[in-house]
Amino acid sequence: ILGWTIIWSFFATQTTYFGGILMSLLINSKLTRGGKLWRTLLVITIAVPQFVSLLLMRNFFANTGIMNTICERIGLTAALRNAGLISTSYIPFLSAPGWAHVMIILINIWVGVPYQMIIATGVLMNIPSDMLEASTIDGASPWQSFIHIKLPYLFSVQGPALVTDFVKNVNNFNVIYLLTQDVYITKDQALASSSAKEVDLLVTWLFRLTQEQYNYKMAAVIGIMVFIICAVFTLVCFRFLNKKEATFS
């Protein structure tokens, strides 16, 4: 559970951050038609409460959900079964280890990218135009301009926010619980006896321990572990950010 918590926090933070930057660049590109329309559609996803989106996604990707119906009709389920990737009559998007881990990260991208896109758009709009014009005059390609000007500028402004996002994802109760509750059932007896599942984060495991087994001693230990992880990560990252700022200054 500790390993999955760290893996989830890393990928959930990085995928939404870089996905938001990519989406911002694509929508604000001169080659993109209807940029305002695409931006509006993505912003609408933020207006919808997160728990509503997550519960809908849980129903879509359930074992008897619409996605499994579509996959069965187009022959994808049979192809995966013939290839030995699944052994069931459905694709266990949210009900089997591996599948559930990947789907949780992908669904989180859908939920988190629009918010990061708005932030990235605001930061990119504030980059001094003379810097970009100078790089173009010097013969820099769009990719070189992004790597050497835009990305460092984004990191310098959003560095503390990235640290905050990682800590938030370590304690991201909603995404894990709402997507897997009553859908994912663990077959690992050791985990089941501990009121845990393979897809649990430390914080969701803590919740199950207190609500199902009333094991407050173990829950307190897990709470301390979460604090130590967040505190160490925050101190190391801010120390690194301070060194970078000193170098730039």
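Y17 sits at 1% relative accessibility, so this residue counts as buried (buried is under 20% relative accessible area, exposed over 50%, and partly exposed in between, with a 1.4 Å probe and protein chains only). F18, with a relative accessible area of 35%, is partly exposed. The model is a predicted one, where local features need pLDDT of at least 70 and side-chain atom pairs count only at pLDDT 80 or more, while totals for chains, interfaces and linings use all residues. Residues are numbered from 1 along each chain as its sequence is written, and side-chain values use heavy atoms, with hydrogens and water left out.

Now for the rings. A pair of aromatic rings is described by the distance of the centres and the angle of the planes. Rings of Phe, Tyr and Trp (its six-membered ring) pair if their centres lie within 6.5 Å, and planes under 30 degrees apart are called stacked, over 60 edge-to-face and the rest tilted. Counted this way, there are 12 aromatic pairs. Y17 and F18 make an edge-to-face one, at 5.1 Å centre to centre with 75° between the planes. Ring pairs also join Y17, F18 and F155 into a cluster.

F166 and F233, on the other hand, are stacked, with 3.9 Å from centre to centre and 25° between the planes. This pair ties together distant parts of the chain, 67 residues apart: F166 belongs to helix α8 (residues 142-170) and F233 to helix α12 (residues 216-248). Helices here are DSSP runs (H or I, at least four residues), numbered from the N terminus. F166 is buried at 10% relative accessibility, whereas F233 is partly exposed at 26%.

Helix α8 also meets helix α7 (residues 129-137): their axes come within 11 Å and cross at roughly 150°. Axes are lines fitted to C-alpha atoms, for helices over the stretch in contact, and angles run from 0 to 180 degrees between N-to-C directions. That crossing makes α7 roughly antiparallel to α8 (over 145 degrees is roughly antiparallel, under 35 roughly parallel, 65 to 115 roughly perpendicular and the rest oblique). M131, L132 and S135 of α7 touch S145, I149 and K150 of α8, where contact means heavy atoms within 4.5 Å.

Finally, a look at the backbone. Most residues other than glycine have a negative phi. S195, though not a glycine, has a positive phi of about 60°. S195 lies in the loop between α10 (189-193) and α11 (202-213), and is buried at 8% relative accessibility. Y214 has a positive phi too, near 55°, and lies in the loop between α11 and α12. Y214 is exposed, at 58% relative accessibility.

Terms used: Helix = DSSP H or I, 4+ residues; strand = E, 2+ residues; numbered from the N terminus.
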